[in-house]
Amino acid sequence: MATVPLSLRDCEHLDTQDPLQHLRSAFQLPQGVIYLDGNSLGALPRNTAQVVADAVRTEWGEGLIRSWNDAGWIDLPQRIGDKIASLIGAAPGTVVATDSTSINLYKVLSAAIGMAGQDAPQRKRVVSERSNFPTDLYIAQSVCRQHGCELQLVDASELDAALTDEVAVLMLTHVNYRTGAMFDMQAVTRRAHAAGALVVWDLAHSAGAVPVALQDAQADYAVGCGYKYLNGGPGAPAFVWVHPRHTDRFWQPLSGWFGHAAPFAFTPGYEPAQGIQRYLCGTQPILSLRALECGVDSVLAAGTGGDAMRALRRKSLALTDLFITLVEQRCASHDLKLVTPREHARRGSQVSLARQDGAYPIMQALIARGVIGDFRAGDPQATLGHVDQMDILRFGFTPLYNSFADVWHAVEHLQAVLSSSEWTQARFNSKQAVT
Ligand SMILES: *Cc1c(COP(=O)(O)O)cnc(C)c1O
């Protein structure tokens with residue numbers, strides 16, 4: 001912690017030294033808003049509206065059905081997949097942008113369990129983290145039912161003990177959505193493989209946020225989200241990666257015609273395409289893919305592939321370090337518990353603050369002041385006082401468009417909300433459908 005309290009001027013000075021400062025102007029951000037929720041829905045790149053409008057008016061309106069070929073619609077999942085691959089340490093031709101994270105998880109988890117079943121039929125267990133994102137656990141429950149497997153949920157600290165010779169698949173989210181804690185992908189993958197299990201990684205809070213090296217880690221399967229740090233827009237297509245050593249060994253279960261070796265041969269028998277294309281299912285959402293490509297390009301504006309991620313990571317850690325320091329300097333008396341690891345190697349691109357009471361109305365009061373983060377409820381069934389049980393204020397930092405001055409102002413507002421009774425007003429207490 002800095003001994004001399006930091007000032008707004010210090011933060012503004014950091015902005016003048018920031019090599020990524022120019023990237024902010026590529027986003028359309030509303031006046032008066034400090035946006036710290038790019039981990040839920042990334043901001044709008046300025047060119048997206050025009051690109052989507054052209055896709056509607058010209059490609060669809062004028063080109064009509066011809067645009068599947070002439071405008072390259074047919075290649076979009078692979079083309080965007082290659083760009084995403086460069087951000088997650090994967091080879092070209094091993095990623096497709098398609099469907100949702102939930103659906104892609106269904107495909108890869110089914111494939112992983114199916115492969116484990118061929119190689120080691122006695123392995124009938126899927127292990128995951130109790131505090132994994134619920135949709136991941138819900139999908140796993142369904143896949144397990146279909147395959148006669150059992151889903152075992154453990155704390156991160158219990159992973160090693162859980163990796164027995166009964167485990168078929170370890171399914172983890174690389175950066176935890178609640179705490180922002182990050183697994184060491186390489187080490188965990190190695191330990192799972194040593195125990196004879198396959199590993200499925202969810203990169204929802206990693207792609208575009210932290211450097212990822214899927215190929216180096218020798219991971220087996222990965223999925224990730226298009227609308228968070230990849231700025232693809234609400235409900236953007238997600239992505240799926242399969243290590244090339246596995247791709248052609250197994251059909252994924254959603255065997256639609258876009259995953260067929262020859263979709264336009266219109267043969268009655270399913271024959272999977274070679275390579276990652278078999279992870280496509282039906283006709284792709286072209287307008288959404290156009291928007292997603294703008295979002296992925298907005299990340300690649302920071303550099304090519306791994307270089308972009310290294311530059312973004314440097315700034316992301318500086319932003320989250322600054323936020324943690326300022327919260328500790330200015331909000332020390334307000335019962336906030338830092339749940340995000342301080343250790344850089346274990347931190348994603350968000351900072352989560354737990355509070356036993358009032359987290360929801362505090363966030364609503366912040367949003368009313370133009371500081372947009374979000375709230376995640378604690379699990380009432382978790383042990384009392386355990387971080388899983390506490391309500392969380394989440395602040396996501398996107399180095400593409402967040403400045404160091406943003407961090408200063410956000411903490412200024414947080415301090416003001418906490419030290420007044422502002423957040424106790426009734427209007428901040430009524431819960432909306434989406435928190
Ligand atoms: C955001 C997120 C999802 C979202 O899944 P959808 O299918 O897009 O609703 C899934 N898993 C994790 C870990 C997430 O953070």
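Is Phe-133 buried, partly exposed or exposed at 30% relative accessibility? Phe-133 counts as partly exposed, because its relative accessibility is 30% and that class takes in whatever falls between buried (under 20% relative accessible area) and exposed (over 50%), with a 1.4 Å probe and protein chains only. The model here is predicted, so to speak of local features takes a pLDDT of at least 70, and side-chain atom pairs count only at pLDDT 80 or more, while totals for chains, interfaces and linings use all residues. Residues are numbered from 1 along each chain as its sequence is written, and side-chain values use heavy atoms, with hydrogens and water left out.

On to the rings: Phe, Tyr and Trp (its six-membered ring) pair if their centres lie within 6.5 Å, with planes under 30 degrees apart called stacked, over 60 edge-to-face and the rest tilted. That rule gives 14 aromatic pairs. Phe-133 and Tyr-177 make an edge-to-face pair, because their planes meet at 75°, with the centres 4.9 Å apart. This pair ties together distant parts of the chain, 44 residues apart: Phe-133 is in the loop between β5 (125–129) and α6 (134–147), and Tyr-177 in the loop between β7 (167–173) and α8 (185–194). Helices (H or I, at least four residues) and strands (E, at least two) are DSSP runs, numbered from the N terminus. Tyr-177 counts as buried, at 11% relative accessibility.

Phe-133 also has Lys-228 over its face, 5.3 Å from the ring centre; the test is NZ of Lys or CZ of Arg within 6 Å of the ring centre and within 35 degrees of the ring normal. Likewise, the charged end of Lys-431 sits over the ring of Tyr-360, at 5.2 Å from its centre.
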